[in-house]
Amino acid sequence: TPEIIKKKYPITRVSKKLIDKYKKDDVILKIIKMQSKSFENRLYCQKWLLNDINKRFTFYRNYYDLIEKRKLKILDIGGALTVFTRILSEIHDFTLCEIFNYETKKQISYFKKTKIVNYDWINHKFGFYDIIVANDLFPNVDQRLELFLLKALPHCKELRISLTVDNNENFYNVKRVRGN
């Protein structure tokens, strides 16, 4: 990665060493265990967080410091429903833009304090946000990274994004299930 990009846009590559260091004080797991309400523990993505240290680490990097801050305007693209959705909605002007593939209408209705837009981010009328977060969305769920950057960057002070890449040249072929 060119040095100029590293200075302006900090990049952290997740490694076994970083995960092992994080494991010593897994604050995301602690929050889930202490703050979760019973209905939240049944949410698909919360279960995923409970079972995957790598997911908890990326949550830590993208969301943890936001618990300490107050009254930011935040747009979370594809962030799913977890205990952190509720916590961040209580602290900030927080909007979740998500296509719900796993949650039921009843589960979504528990998040009364959260501004939820249930559609693809491409259809969202972006205002201006302090922070836009896209955690674990590109490229494994959505391949429109360049389009997203063009749409999001002019509308935020800060963009937090995690990208899933494999530097070991592992890959798989995708089977298209709809479209041309």
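Trainee: Is Tyr 110 buried, partly exposed or exposed?

Mentor: Keep in mind that this is a predicted model, in which local features need pLDDT of at least 70, side-chain atom pairs count only at pLDDT 80 or more, and totals for chains, interfaces and linings use all residues. Residues are numbered from 1 along each chain as its sequence is written, and side-chain values use heavy atoms, with hydrogens and water left out. Buried means under 20% relative accessible area, exposed over 50%, and partly exposed in between, with a 1.4 Å probe and protein chains only. Tyr 110 has 35% relative accessibility, so the residue counts as partly exposed.

Trainee: With which residue does Tyr 110 form a stacked aromatic pair?

Mentor: Rings of Phe, Tyr and Trp (its six-membered ring) pair if their centres lie within 6.5 Å, and planes under 30 degrees apart count as stacked, over 60 as edge-to-face and the rest as tilted. The structure holds 12 aromatic pairs. In the stacked pair with Tyr 110, the distance is 4.0 Å centre to centre and the angle between the planes is 20°, and the partner is Phe 39.

Trainee: How many residues apart in sequence are the parts that this pair ties together?

Mentor: Helices (H or I, at least four residues) and strands (E, at least two) are DSSP runs, numbered from the N terminus. Phe 39 lies in the loop between α3 and α4, whereas Tyr 110 lies in the loop between α7 and β3, so the parts tied together are apart in sequence by 71 residues.

Trainee: Which strand is joined to β4 by six bridges?

Mentor: Two strands pair if DSSP finds at least two bridges between them. Strand β1 (residues 73-77) pairs with β4 in the parallel sense over four bridges, and there Ile 77 stands opposite Ala 134. The strand joined to β4 by six bridges also runs parallel to β4, and Val 133 stands opposite its Arg 160. That strand, residues 156-163, is β5.

Trainee: How many of the residues of β4 are buried?

Mentor: Strand β4 covers residues 129-138 and is mostly covered. Of its 10 residues, the number buried is 10.

Trainee: How many disulfides does the structure hold?

Mentor: A disulfide is a pair of cysteine sulfur atoms within 2.5 Å. Cys 97 is buried at 2% relative accessibility, and Cys 156 is buried at 10%. The number of disulfides in the structure is zero.
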